[in-house]
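Work through the exercises below with the sequence and the model open side by side. Each task is followed by a solution in steps.

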Amino acid sequence: MKLLTVNFLTCAVKSCKSSAAAFPLHFQDAEVERRETTYNPTFLQNILPRLDWSAIATTAAELGFTDLPTTKPEGPYETEEEQKTMRDLHTLLLETEVMEGKMVCGNCGHEYKIKEGIANFLLPNHLGESQFSSML
């Protein structure tokens, strides 16, 4: 599971939908792997506005990545320092993958296991019941 993906995930438990503590999900016992991909600065520039920077910073810190800037980078990304930051973000968001471990909701504590890089978001029936389940 690429770290970029985690920035778009929240707890699936119905009671967590309105809780700010349900995002971001927090990694525990994470086994991290790096898989190199082609650097694509255009993709990064287009995805940056959509990212919740505080969630990225939290996730990065939990996984031991401490070189992340405190604020979200903003263009034009022309200086050497800005380009280095973009390459570092590429490594963090697109090349860093959590292969094993779990993500935990900060609100309800539900754990989503990660196996072979895939998170299991299926909920037990008692956590995933919807308002329509009583109609069946």
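A helix here is a DSSP run of H or I with at least four residues, numbered from the N terminus. By that rule Leu 94 lies in helix 4. The model is a predicted one.

**Exercise 1. Decide whether Leu 94 is buried or exposed, and list its contacts beyond the sequence neighbours.**

Step 1. Buried means under 20% relative accessible area. Leu 94 has 13% relative accessibility, so Leu 94 counts as buried.

Step 2. Leave aside the neighbours within four places in sequence; Leu 94 is then in contact with Lys 2, Leu 4, Arg 35, Thr 37, Phe 43, Leu 44 and Leu 89.

Step 3. For a check in space, take Thr 38: it is 56 residues from Leu 94 in sequence, and the C-alpha atoms are 9.5 Å apart.

**Exercise 2. Find which element gives the largest share of the largest nonpolar core.**

Step 1. The largest nonpolar core has 32 residues, and Cys 11, Phe 27, Leu 93 and Met 103 have the most contacts inside it.

Step 2. Two or more residues each come from helix 1 (3-6), helix 2 (41-47), helix 3 (53-62), helix 4, strand 2 (96-104) and strand 3 (111-115).

Step 3. Helix 4 gives the largest share of this core, 5 residues.

Step 4. Look at Phe 27 in detail: apart from residues up to four places away, its contacts include Leu 3, Val 6, Leu 63, Val 98, Met 103 and Ile 114.

**Exercise 3. Trace the strand pairing, and state why strand 2 is largely enclosed.**

Step 1. Strand 1 (residues 26-34) and strand 2 run antiparallel and are joined by 7 bridges. Glu 33 stands opposite Glu 97 in strand 2.

Step 2. Strand 2 pairs with strand 3 in the antiparallel sense over 4 bridges. Met 103 stands opposite Tyr 112 in strand 3, and Lys 102 stands opposite Lys 113 in strand 3. Between these two strands the hairpin has 6 residues, and Gly 109 takes a positive phi near 85 degrees.

Step 3. Strand 3 and strand 4 (residues 118-119) are antiparallel, with 2 bridges. Their hairpin has 2 residues between the strands, and Glu 116 takes a positive phi near 55 degrees.

**Exercise 4. Sort the residues of strand 3 by face.**

Step 1. In a regular strand, side chains alternate between the two faces of the sheet.

Step 2. The covered face of strand 3 holds Tyr 112 and Ile 114, and the uncovered one holds Glu 111, Lys 113 and Lys 115.

**Exercise 5. Describe the largest pocket and its lining.**

Step 1. The largest pocket holds about 230 Å³ of space.

Step 2. Its lining includes Phe 65, Asp 67, Leu 68, Lys 84, Asp 88 and Leu 89.

Step 3. The lining divides into 5 nonpolar, 3 polar and 3 charged residues.

Note on methods: Residues are numbered from 1 along each chain as its sequence is written. This is a predicted model: local features need pLDDT of at least 70, side-chain atom pairs count only at pLDDT 80 or more; totals for chains, interfaces and linings use all residues. Side-chain values use heavy atoms; hydrogens and water are left out. A nonpolar core is a set of buried Ala, Val, Leu, Ile, Met, Phe, Trp, Tyr and Cys residues joined through side-chain atoms within 4.5 Å. Buried means under 20% relative accessible area, exposed over 50%, partly exposed in between (1.4 Å probe, protein chains only). Contact means heavy atoms within 4.5 Å. Two strands pair if DSSP finds at least two bridges between them. On a 1 Å grid over the protein atoms alone, a cavity is a set of points where a 1.4 Å probe fits but cannot get out, and a pocket is an open set with protein on both sides within 12 Å along at least five of seven lines; lining residues have an atom within 4 Å of a point. Grid points are joined across faces, edges and corners, and a volume is the space filled by probe spheres set on the points. Ala, Val, Leu, Ile, Met, Phe, Trp, Tyr, Cys and Pro count as nonpolar, Asp, Glu, Lys and Arg as charged, and the others, Gly among them, as polar.
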